[in-house]
Amino acid sequence: MFIVNNIAKWWRRRFFSIRLLLLFCLSMTMGMSFAQQQHQAVAARNGATTQHLRRITPMIPDANRFDPGKVFLENADVLFANEQRSTEYRVLRGNVRFRRGNMTLACDSAYFYEASGSLDAFGHVVMNQADTMHVYCDRMHYYGDVEVAKLRRNVRVVNRSMTVTTDSLDYDMFNNVARYFNGGTVVDKSGTTISSTVARYEYDTKKVQFTSNVRLKNSKMRMKTDVLDYDMRTHIATIEDETEIYSIADGHTITTTSGWYNLSTEEGTLYDRSIITAKDGQTIVGDVVYYDRKNDRGQAEGNVVMTDNKTQRVLKGDMMDYDRRTGEGIARGHVILTDMKNKVILEGEVGYHNEKTKESFVTENALAREFSQKDTIYIHADTLRTITVDNDVRILIANKYVRFYRKDIQGVCDSAAVSEGDSILNMYRHAIIWSEGRQISGDEINVHMRDSVVDWAKLPRNGLLIEHLGEDYFNQLSGRTMYATFENQELKRLDVAGDVDALFYPMENDSTYNKLVTASSAYLTIDMLPKQKVDRIKMWPDVSGTVVPLFLAKRSQLRIDKFRWYDAIRPKKPMDVLEVSNEMRQVFGESVGSRRTIERR
C-alpha cells in the first residue's frame, strides 16, 4: 500500500508539470488581456517550492506582439509554480522580459498572474515605452485589471521633458498619470529642480501638481511653497498657496499666495496683495502685481504701496509702474508719498519716484503735508516735487498756483522752493503771506528758518506790508526792497529801501486811533518792542508827508498807490488750499515786475 501511494504521488506531480507546460504554451499563443477579471494580485509567499523547467522561450507564431491590450512574456530563464499554494501565479526568474504594446519590461524575477494580467517584478526593474519614457526601480507591482503600476525603492522615471526620482511612485497607465507620495524630486530639461512630499504628473499634458514642502530651484531663482502647479512645456508655475520667490541675480524676494510665474522669461502676474522686496529693503505691494525680472520692471494695480526703508519713504497709489534699471516708479490714482524721515506727505493723482536721482513728485490735485512742527502745514500746487542734492539735502519745489496753510501762517504764489540745506522758503511771482491781520506781498519773498522758526525774511522787489486794524483801516508800507528780522517769533526790525511809501494810524495812549499819517522817503527803519509794539520809526534822507485828523481824512486818502488787499484768495482752513478760485486766477493774470518761476518738469 505504501508503494502504491508513492507511485500515485509521483504521477500527480509529473502530470501537473506536463499540464502546466501545456497551459503556459497555450496562454502564450492566445495572449493575455490586462483587464479580464476584477481580481487584486497578491505576491507569492516566501518558501514556495515546486518542480521547474529551465530556459523557456515561448513560440508565438500568429499573435501580434504589439497588441496594446495584451501582455506577452518574451523571455525567462526559469519558470515554475506551486499548485498547492496557488494556481493564480507563475514564478519567473532570470532575464525576465515582458511586452505590452510598445512598452517593455525587464527584471531579475517576477510573479505573473495569468488570469488578471498582473505581475510583481523584482530586481533591476526597467520599463521602456517607445524610447520616450524609461522607468527604473527595485520592485514593481502591476495590477492588470485596473492598469496601475506601483513602483518601489530607488524609483527613477526619465522622459524627454523631465526626470523623476523618488522611493514610491504609482503609475496609472490607463489615464497616463503618475503620483509619488513619500517625497521626490523632478528635474525638467531646463535644469529646474522641484522637490516635494507629494506630486501628481500628467504625461499627456506635461503638468505636475506639487504638494507639501515644495522647493524649486535653478540657476536664476529659488521658490518655496506648499502647493504648486508646473507646466513642463511652458515652464509656467501656477501659485495657489503662500509662496516665496527669491531671485539670485539681484536678491529680490516675491511673497505671494496666488498667481503665475514663467521660469523661462522670468515674468509673472501675482494677486492677493503680493509683495516684491528688493535687496535694499524697498518693497512693492498691490492687489495685482506684474513682474518682469529679466527687464527689471514691475507694475502693480489696486491699493499699491511702494516702501523704501532706507529713505523711509512710502509711495501709494491705485496703479504703479516700476523700472529697477532706471530706478523710476510711477504711481497713478490717489497717490500718497510719505517721507517719514523728513516728516512730509505728498498726495495727488499721479506720483513719480526715482531712487537713483532721489527725485519724487506728485501732480493733479497735489497736496503736501509737513508735520515736523506742532501744527501741520498744508501745501497745494499743480505739481509738488522733492529733490535730494549733494550731502542728502532735500528740496521741495511747488509749481503753479501754490497755496499753503498753517494755523499761524498762510500764503500763495506762482511757484516756491524750500531747501533743507539753507532752511530757506523762496516764493516767486505774486508771493503773498498772511499772519493774523497782517499781509506781506511782493514779486518774491525769501523766508529763512532756524530750528523751524522764522529768522529773517526778505522781499527783494516791490514789497508791500499791510496790517488790518479794523473796518476799512489798514497800516500800509511799500518799497522796492524789504528786509525783516525776527526774534522769539516776533518782528524785531524792518528795513525798507527805495521809493518808501508809508500810511499808518498811530495808536494813542488810550488805544484809540485819531489821526492818519502818510510819509515818503528813500529809506525806512522800524524797531519793534516785544508784543509787536513800535519802538522807533526812522526815515531818511528826505522825508515828505502829512498828518490828518482821522475825522477829516477823505476816503481817497486811506490807501497808498500800491495798496492791494488779497484776503479773498487767502486760505482760511487746511483744505482751502485745494481750491483755486477765480479771484486767484485773476490776480495771477496780472503783470508783475518779475516773471521768475521754478522750472517745471
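Serine 212 lies in strand S14 (residues 207-217), where strands (E, at least two residues) and helices (H or I, at least four) are DSSP runs numbered from the N terminus. The phi angle of serine 212 is near 70 degrees, a positive value in a residue other than glycine, and its relative accessible area of 30% makes this residue partly exposed; buried means under 20% relative accessible area, exposed over 50%, and partly exposed in between, with a 1.4 Å probe and protein chains only. The model is predicted, so local features need pLDDT of at least 70 and side-chain atom pairs count only at pLDDT 80 or more, while totals for chains, interfaces and linings use all residues. Residues are numbered from 1 along each chain as its sequence is written, and side-chain values use heavy atoms, with hydrogens and water left out.

**Backbone geometry**

- Most residues other than glycine have a negative phi, and most peptide bonds are trans.
- Glutamate 471, in the loop between strand S33 (463-470) and strand S34 (473-479), also has a positive phi, near 50 degrees, and counts as exposed at 71% relative accessibility.
- Tryptophan 540 and proline 541 are joined by a cis peptide bond with omega of about -5 degrees, and proline 541 is placed in the loop between strand S38 (533-540) and strand S39 (544-549).

**Strand S28 and its partners**

- Strand S28 (residues 393-406) is largely enclosed by the rest of the structure, because 12 of its 14 residues are buried.
- S28 pairs with strand S27 (residues 377-389) in the antiparallel sense over 10 bridges, a pairing that requires DSSP to find at least two bridges between the strands.
- S28 is also joined by 10 bridges to the antiparallel strand S29 (residues 409-419), with which it forms a hairpin that has 2 residues between the strands.
- Isoleucine 395 in S28 is the bridge partner of isoleucine 387 and stands opposite serine 419 in S29.

**Aromatic rings and charges**

- The structure holds 13 aromatic pairs, counted when the ring centres of Phe, Tyr or Trp (its six-membered ring) lie within 6.5 Å, with planes under 30 degrees apart taken as stacked, over 60 as edge-to-face and the rest as tilted.
- Tyrosine 89 and tyrosine 111 form a tilted pair, because their ring centres are 5.6 Å apart and their planes stand at 55 degrees; the pair links distant parts of the chain, with tyrosine 89 in strand S4 (residues 89-100) and tyrosine 111 in strand S5 (residues 103-113), 22 residues apart.
- Tyrosine 89 is buried at 5% relative accessibility, and tyrosine 111 is buried at 16%.
- Tyrosine 352 and phenylalanine 361 make a stacked pair, 5.1 Å centre to centre with 20 degrees between the planes, and both residues are buried.
- Ring pairs connect Tyr89, Tyr111, Tyr113 and Phe122 in a cluster.
- The charged end of lysine 538 sits over the ring of tryptophan 540, 4.9 Å from its centre, where the criterion is NZ of Lys or CZ of Arg within 6 Å of the ring centre and within 35 degrees of the ring normal.
- The charged end of arginine 559 sits over the ring of phenylalanine 563, 4.6 Å from the ring centre.

**A loop contact**

- Alanine 115, in the loop between S5 and strand S6 (118-129), counts as partly exposed at 35% relative accessibility.
- Alanine 115 and aspartate 145 are 9.4 Å apart in space, C-alpha to C-alpha, and 30 residues apart in sequence.
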